[in-house]
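Hi,

Here is the structure I promised to pass on. Have a look at it first, and then read on for what I found.

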Amino acid sequence: MKRRELLKAGGLAGILAAAQFPLIKGVLAQDRYAKYRGQTVVMSIPSHPHYDAMTKILPDFTAETGIKVELDRIAMNRMKDKQILEMAKPQGDYDLACYIVMWKTEYAKKDLIVPLEPFFSNPALADPNYDMGDIVKGYLEVQGLVGGPKTYLPGPGAKLYGLPYGSETSVLAYRKDIFEKHGFKAPQTYDDLRRILAPLKEKSGIGALSSRGQAGHQCVHAWLLHLNPLGGEVFDANWKPVFNSQAGIDALKILKEISDTGPAGIPGYGQGEMINAFVQGQAAMYLDSILIMGLVNDPSKSKVVGQVGYALHPKGVRYASQSGGLGLAIPKNARNQDAAFLLLQWLTSKAADIKVTRAGGNASRMSTLNDPDILRQFPDFEILKEQLKYVEPDWRPIIAEWDEINIQALGVGISEALTGKRSIEDGLNSVVPKVTDIMKRGGYLKA
Amino acid sequence: MSTNSRSNARAAWFFVLPAMIVMFVACLYPVISAIRLGFYDWSMGTPWAQAKWTGWTTFEIVFSDPAIWRSLWTTLKFAAVSVSAEMFLGIALALALEGNLRGMAFFRTLFILPMMVAPIAVGLTWRYLFDAQFGLVNALLGVFNVAAKGWLADETLAFAAIIVSDIWQWTPFVFIMVIAGLAGVDANVLEAARIDGARWWTLTTRVKLPMIAHVLAITLVMRLIDAFRVLEVIYVLTFGGPGDSTEVLSMYIYKTAFIGQKLGAASAISVLLLAVVMLLTWLALRMSNPLSDGENRR
């Protein structure tokens, strides 16, 4: 079977299998870029540490290829509005767009971004040494695939619409000095975690665990972190809401305990406040994105340099860590699609992945995480490599309607439970009708 | 009508027409488009050809949603409290600083600075000020031995926080309007009142403020309209939370349009917001009738 046929067969299996076959040879890298020399690729990117790192390596791309890159950097929470407005025009200004994983299905469903298979099948553009199979599998599945039986995971009909660039999973970070001083051990299970929250706060005098908690996406993200390891799901196999099951209730209970024993003000915390509380020494633990690994060792931002240890995201009924972060896709209305693909391919190549990781970005490839020099520079990556085995691609249902469910339904009920306005059970039960309505409107459930 | 009158009327239309065209294009057309959009189900980012005509259904669904009426109530509370406080403080400051005392020009400039700051920056600034761990507000409370509070983590405190930030930003607007109004008060009238024995309180409440009532009414209307449209600061400070306790109508419209991707429904709610603002404006203008001339006022 030819590589093209494999890719067309759909899904990651095809893409990964294709990576094992030799690509069409004879196209030198310089030939690939010659036609596009002098063109400018416009990228839509967020203010984010990974993309700060990317800006440091972009001059290498321009020097190597002659293709210029222009960046439109905006706050992450305003990026989607602007991208949709831009990508809905007949011809847009963006050639390459960074997206949060939750938007991929909506963008693809609205025909705003294009599948990548035609580019990877084009011998004039594709790099024969690209090695798709080297990209962290969980990242590639969750960040790139749209379609399949669940619309956002691998399977028949799934197509690759984007590549992970700034992807992440969750790890537990803890203050080694505080844990040693008071005789605590890093929690390995949720029972361990529950047991140490109150005594850790009492003995250390600071919050036990920092967490997000602001209404909307932030508190839902915090709750999902616990829902998956505790065995819960948002929907059952027939798209019926089941988030108010016992596992959902248990996840919200532990989040409430974390909020009550954490640094003051968690129900108002976004990601920034959560990170700040930990790096400024106001919390003894952190359980969220691996983004923290770069920040704790930056003396200009951290008061806990050299005092932080890492452990796996605690086990509930199973190990299941977050799968999320950022990816890159090519808008359908891009002016320079081919040049944009060349930039995308270059950025996510083995060599550039090592460069961006050295510059403070997130690694997306196993070869980077196994590179001895990288491991010497970032010894904490050992725990990351272990954690990546437990990345849960179905961590949240990234259907096109997820943003509305996330922010306007779950994000209200969970927030009200965190502030005590509603009980834990009522916080979840109160939004079931709204979520059911959204699912009926989306055609997942019968009206 | 005489030839002369007809000619005058034509000339009047000739001069007014450009302004009318600009008003139509810049104001009326978007409003009409928004009302029209309310009759469609259209998701942002999809071609207009995919929009579905829904007739009154969108309005029926939207207006039967309790969340909208909760948002409207939150907006009314927010506007009532913040605008009242801004009017009171702005008038008080203007009265205190209206004289030509030494250094007053500096303070006047200082007081209007918050108004010039971009709303997003105001939101971010107050978000840091209200931070439970590192915020200046809790640090100041600590000086008086008051326990630190999670300002943005509690429904009542978060509501207070958005009001405080609005008062901080927009009291200067009231101040500048009132001080301009006071500068136009006839000094002879004030002198006559003083000769008649009026003291400061009487002079202020019986002479100065009534003489600038039209300025106060316009200021009130403009602040009310702005308060009903407030979005950016709340977006940054609380994003409508905790729960939906600070979800004003503009925030709800934003979420419906950009998160729920329901532009038709968002437009239908915008029509409601427009109606409420128009009603309030009409009431405020009727109370003071500032646009009529002196003859009509008498």
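Where in chain B does B:Pro242 lie? You'll find B:Pro242 in the loop that runs between α11 (232-237) and α12 of chain B. Before going further, please keep in mind that this is a predicted model.

The peptide bond joining B:Gly241 and B:Pro242 is cis, with omega at about -5°. B:Phe239 sits in the loop between α11 and α12 of chain B as well, and its phi is positive, about 55°, although B:Phe239 is not a glycine. Is B:Phe239 buried or exposed? It counts as buried because 25 other C-beta atoms lie within 10 Å of its own.

A:Thr151 is not a glycine, yet it has a positive phi of about 75°. Its place is in the loop between β4 (145-146) and β5 (159-160) of chain A. With 20 C-beta neighbours inside 10 Å, A:Thr151 counts as buried; the cut-off for that is 20 or more.

Now for chain A as a whole. Its secondary structure comes to 22 helices and 11 strands. The radius of gyration is 22 Å, close to the 22 Å from the globule rule for 447 residues, so chain A is as compact as a globular protein of that length. Its C-alpha atoms fill a box of roughly 65 × 55 × 40 Å along the principal axes. Of the 447 residues in chain A, 56% are buried. Taking contacts in chain A between residues at least 6 apart in sequence, 74% of them join residues at least 24 apart.

The part of chain A I looked at in detail is a sheet. Four strands form an open sheet in the order β8-β9-β7-β10 (chain A), and the pairing is mixed. β8 (207-210) and β10 of chain A are the edge strands, each pairing on one side only. From one strand to the next, the twist averages 20°.

Within that sheet, β7(A) and β10(A) pair in the antiparallel sense, over four bridges.

A:Val171 belongs to strand β7 (residues 170-175) of chain A. What does A:Val171 contact, leaving aside its neighbours within four places in sequence? The list is A:Ile290, A:Tyr310, A:His313, A:Ile383, A:Leu384 and A:Gln387. A:Val171 is buried, since 24 other C-beta atoms lie within 10 Å. As for A:Thr189, it is 18 residues from A:Val171 along the chain, and the two C-alpha atoms are separated by 13 Å.

Among chain B contacts between residues at least 6 apart in sequence, 68% join residues at least 24 apart.

One helix to look at there is α10 (residues 213-229) of chain B. Its 17 residues reach 24 Å from the first C-alpha to the last, close to the 24 Å expected at 1.5 Å a residue. The buried residues of α10(B) include B:Val215, B:Leu216, B:Arg223 and B:Phe228.

Last, how do the two chains meet? In the model, 24 residues of chain B are in contact with 28 residues of chain A. On the side of chain B that touches chain A, α7 (155-183) and α12 (249-259) of chain B each supply at least two residues. The largest share of that side, three residues, comes from α12(B). By class, that side of chain B has 11 nonpolar, eight polar and five charged residues.

Cheers

Definitions and conventions:
Residues numbered from 1 in each chain as written. Chains lettered and ligands numbered in written order. Predicted model: local features only at pLDDT ≥ 70, side-chain atom pairs only at ≥ 80, totals over all residues. Buried ≥ 20, exposed ≤ 12 C-beta atoms within 10 Å, placed from the backbone. Contact = placed C-beta atoms within 7 Å. Pairing = 2+ DSSP bridges. Expected span 1.5 Å × (residues − 1). Rg over C-alpha atoms; globule rule 2.2 N^0.38 Å. Axes fitted to C-alpha atoms, helices over the stretch in contact; angles between N-to-C directions. Nonpolar A, V, L, I, M, F, W, Y, C, P; charged D, E, K, R; others polar.
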